[in-house]
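Please look at the chain shown below and keep it in view while reading.

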Amino acid sequence: MKNSKSSFKRLLIVSYRLPFTVKQTEQGAELIQNSGGLVSAVLSMAERMGQSQEGMASKIHWLGHGDASLQQIDPATLENDTFVAHPVFMDEVVHKGFYEGFSNDLIWPLFHYFPSYASFRESDFDHYQQANTRFLEELTAFVEPGDLVWIHDFQLMLLPDMLRQAMPNITIGYFFHIPFPSYEIIKLLPRTWRQALVRGILGADIVGFHTVDYVQYFMQSVSEVTNLPIIGQRIVLPDRSVVVRDFPISIDFNKFNLTGQETDVVETRQHYQNLLRNNKIIFSVDRLDYTKGITYRLQGYERFLLQNPDWHDKVTFVITVVPSRDKIGHYQEIKREIEETVGRINGLFGTIGWRPIVYSYTSLTFTELMALYTGCDIALITPIRDGMNLVCKEFVASRQDLHGVLILSELAGAAQELKEAVIINPTDTQEVADAIKQGLNMSPQEQERRLLSMRTHLQNHNVFRWSSEFLTAFDDVLSNQPDMETD
Ligand code: GDG
């Protein structure tokens, strides 16, 4: 680390979502801070910047899409002790084409290797450009020299270059939360779109991905689309260079490690275990999405039950699917498929006293989630494609008791780190069935050995390290560009 001090005045985060949701009450607007990974990471970054930089404005500015309900709220109330929110409002039609269209109906399926689910509409690309421009307009209204602007995810790929053109001396970071695919996929995009997207990202000084593979794929696209020289981790532009690196995102290890012991979690866990008559519990939780491999997972469990009648009545699969995008065709289809498969399996194997699958289409409270992380015997996490996947990391961190088995898809970014999981291919239902059997029969010593190794990794590679490494990389950029105006 060249420079242990952070040399930035303010931290400005830009992402599609704001860090809190706003609830209108009789007393006024109530801000409910999100507890996701990005918010924790940003908080830790601010802490580090605050400690090392006298006079740094303590609040973090955060730009995100503002929905219509926020328009009724006095902008001055959109801040809490930590964040000042800057909602970016846009025309409804533009928002629909940008978010539902280009982001969720093209980039999301394409970058998760579902090209047949992708819709290519020129009007969506126009709206994506317009929406990124709206973010730029809000940003340039208050960005100042010396600020650090950190832009997130696939909804804002054009913004780094737009900001670079408008304010050449600003330090810009960009982090990509979903997989970056091989050029064979990128090539499906019209030439002008792929050029704009890759060039857009290159407006940043530092570009981060979860894994080395995604970095390599991005570099491949850069050389195909731009012909710019690449030297190690640097892409060389005429007037500056861009550092592209893997920064695997992580979790607040201590939070998950400690919460499992809290009374409400312990009580909920005991309640569930009693309800399930102390059966072995297999658990999974995902947002409704075709990338999560939920139907294959159910088929793997079905195969396990078929092949292992001695386990009937002794195991329960608690599967929670969190509602998401269920007005959209592909999502309705996958929901129907999941529910039919659950019904079929329960019909085939269930008895009056035993339901092999307890399925719910709902969101869990944090206490319920923790009770299931800490009360299950197997966490079955089998996405067909996932940028990282934080659920598996949270499960491991919550198992202070060193009991439990993680079965993890090799197609989740997290599989590159959690090598002591039982790694499977999610579409190989026999492999999933075998892994379930292996997990249920695994000795306590083997569970302990695997969990200890993964927990040590996560303790060291937690979300605070993630943000700290990003910040250090920014500091390096600054110290390598002595002419840059910083105050
Ligand atoms: C993107 C990428 C990448 C889930 N269900 C409930 C619940 N959760 C929480 C989990 C976890 C988070 O949601 C989901 O984690 P993901 O890793 O899937 O994150 P996303 O933001 O959806 O996805 C992904 C991530 O970005 C980070 O870069 O890992 O690959 O797609 O924290 O705990 N929380 C509660 N109830 C639920 O039912 N309370």
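Helices (H or I, at least four residues) and strands (E, at least two) are DSSP runs, numbered from the N terminus. An axis is a line fitted to C-alpha atoms, for helices over the stretch in contact, and angles run from 0 to 180 degrees between N-to-C directions. This is a predicted model, in which local features need pLDDT of at least 70 and side-chain atom pairs count only at pLDDT 80 or more, while totals for chains, interfaces and linings use all residues. Residues are numbered from 1 along each chain as its sequence is written.

Start with helix α9 (residues 263-275) and helix α12 (residues 366-375), whose axes come within 8 Å and cross at roughly 65°. The crossing of α9 with α12 is right-handed; a crossing is right-handed if the near helix is turned clockwise from the far one by less than a right angle, and left-handed if anticlockwise. On the α9 side the contact is made by Asp264, Val265, Thr268, Arg269, Tyr272 and Gln273. On the α12 side it is made by Thr367, Glu368, Met370, Ala371, Leu372, Thr374 and Gly375. Two residues are in contact if their C-beta atoms, placed from the backbone, lie within 7 Å. Sorted by class, the contact of α9 with α12 has 5 nonpolar, 5 polar and 3 charged residues. Here Ala, Val, Leu, Ile, Met, Phe, Trp, Tyr, Cys and Pro count as nonpolar, Asp, Glu, Lys and Arg as charged, and the others, Gly among them, as polar.

How many of the 10 residues of α12 are buried? The number is 7, and α12 is mostly covered. A residue is buried if 20 or more other C-beta atoms lie within 10 Å of its own, exposed if 12 or fewer, and partly exposed in between. The buried residues of α12 are Leu369, Met370, Ala371, Leu372, Tyr373, Thr374 and Gly375. What covers them includes α8 (253-259), α9, β12 (280-287), β13 (315-322) and α13 (391-398).

The crossing of α10 and α14 is right-handed. Residues in the contact include Tyr301 and Phe304 of α10 and Val432 and Ile436 of α14.

Two residues other than glycine have a positive phi. Asp313, in the loop between α10 and β13, has phi near 75°. Asp313 is partly exposed because 15 other C-beta atoms lie within 10 Å. Asn389 has a phi of about 90° and sits in the loop between β15 (378-381) and α13. Asn389 counts as buried because it has 24 C-beta neighbours inside 10 Å.

Last, Leu471 lies in helix α16 (residues 463-480). Leu471 and Phe8 are 463 residues apart in sequence and 9.6 Å apart in space, C-alpha to C-alpha.
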